[in-house]
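Subject: A structure for you to look at

Hello,

I am handing over the structure we talked about, so please open it alongside this message. Below it you will find a short tour of what turned up.

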Amino acid sequence: MKLQVKQLDTATTNTIAFALEMYAVYVSQINENRADTYRELAVMFRHSIPLLVSEAYSEKGGNHGL
């Protein structure tokens, strides 16, 4: 199995971090401790180099995980 690694661009990273922050606001009404977890994830996401890792298949065929 080969892995394909792609660095996420700034716009994508900011979008995911924003979604985490908005979810933290929503969850804070239910559980403030859980909201803190999502806020921390958003900060870590903004200040890291996020990578998307997926399986890469060859063009020659194979079962492609089926």
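Helices here are DSSP runs of H or I with at least four residues, strands are runs of E with at least two, and both are numbered from the N terminus.

Before going further, some notes on the source. This is a predicted model, in which local features need pLDDT of at least 70 and side-chain atom pairs count only at pLDDT 80 or more, while totals for chains, interfaces and linings use all residues. Residues are numbered from 1 along each chain as its sequence is written, and side-chain values use heavy atoms, with hydrogens and water left out.

**Salt bridges**

The side chains of Asp 36 and Arg 39 form a salt bridge, at 2.7 Å from N to O. The term means a side-chain nitrogen of Lys or Arg within 4 Å of a carboxyl oxygen of Asp or Glu. In general, side chains of opposite charge can pair when their charged atoms come close. Arg 39 also meets Glu 32 in a salt bridge, at 2.9 Å from N to O, and Glu 32, Asp 36 and Arg 39 are linked in a network.

How exposed are these residues? Asp 36 is partly exposed at 32% relative accessibility, Arg 39 is partly exposed at 33%, and Glu 32 is partly exposed at 40%. Here buried means under 20% relative accessible area, exposed means over 50%, and partly exposed is in between (1.4 Å probe, protein chains only).

The count comes to three salt bridges. Another of them joins Glu 21 and Arg 46, whose closest N and O atoms are 3.1 Å apart. Glu 21 belongs to helix H1 and Arg 46 to helix H2, so this pair ties together parts that are 25 residues apart in sequence. Glu 21 is partly exposed at 27%, and Arg 46 is partly exposed at 34%.

**The two helices and the overall fold**

The chain has two helices and two strands, and along the sequence they follow the pattern β-α-α-β. The axes of H1 (residues 10-28) and H2 come within 8 Å and cross at roughly 170°. Axes are lines fitted to C-alpha atoms, for helices over the stretch in contact, and angles run from 0 to 180 degrees between N-to-C directions. H1 and H2 are therefore roughly antiparallel (an angle over 145 degrees). Residues in this contact (heavy atoms within 4.5 Å) include Phe 18 and Tyr 23 of H1 and Tyr 38 and Phe 45 of H2.

Of the 66 residues in the chain, 14% count as buried.

**A nonpolar patch on the surface**

Which residues form the nonpolar patch? They are Met 1, Leu 3, Val 5, Ile 49, Leu 51 and Val 53, with about 690 Å² of accessible area together. Strands E1 (2-7) and E2 (51-56) each give two or more residues to the patch. Nonpolar patches join side chains of Val, Leu, Ile, Met, Phe, Trp or Tyr within 5 Å, from residues with over 30% relative accessible area and no salt bridge. Areas come from the Shrake-Rupley method with a 1.4 Å probe, and for residues only the protein chains shown count as cover.

Ile 49 lies in the loop between H2 and E2, and counts as exposed at 61% relative accessibility.

Happy exploring!

Definitions and conventions:
Patch = residues over 30% accessible without salt bridge, like charges linked within 9 Å, V, L, I, M, F, W, Y side chains within 5 Å. Parallel < 35°, antiparallel > 145°, perpendicular 65-115°, else oblique.
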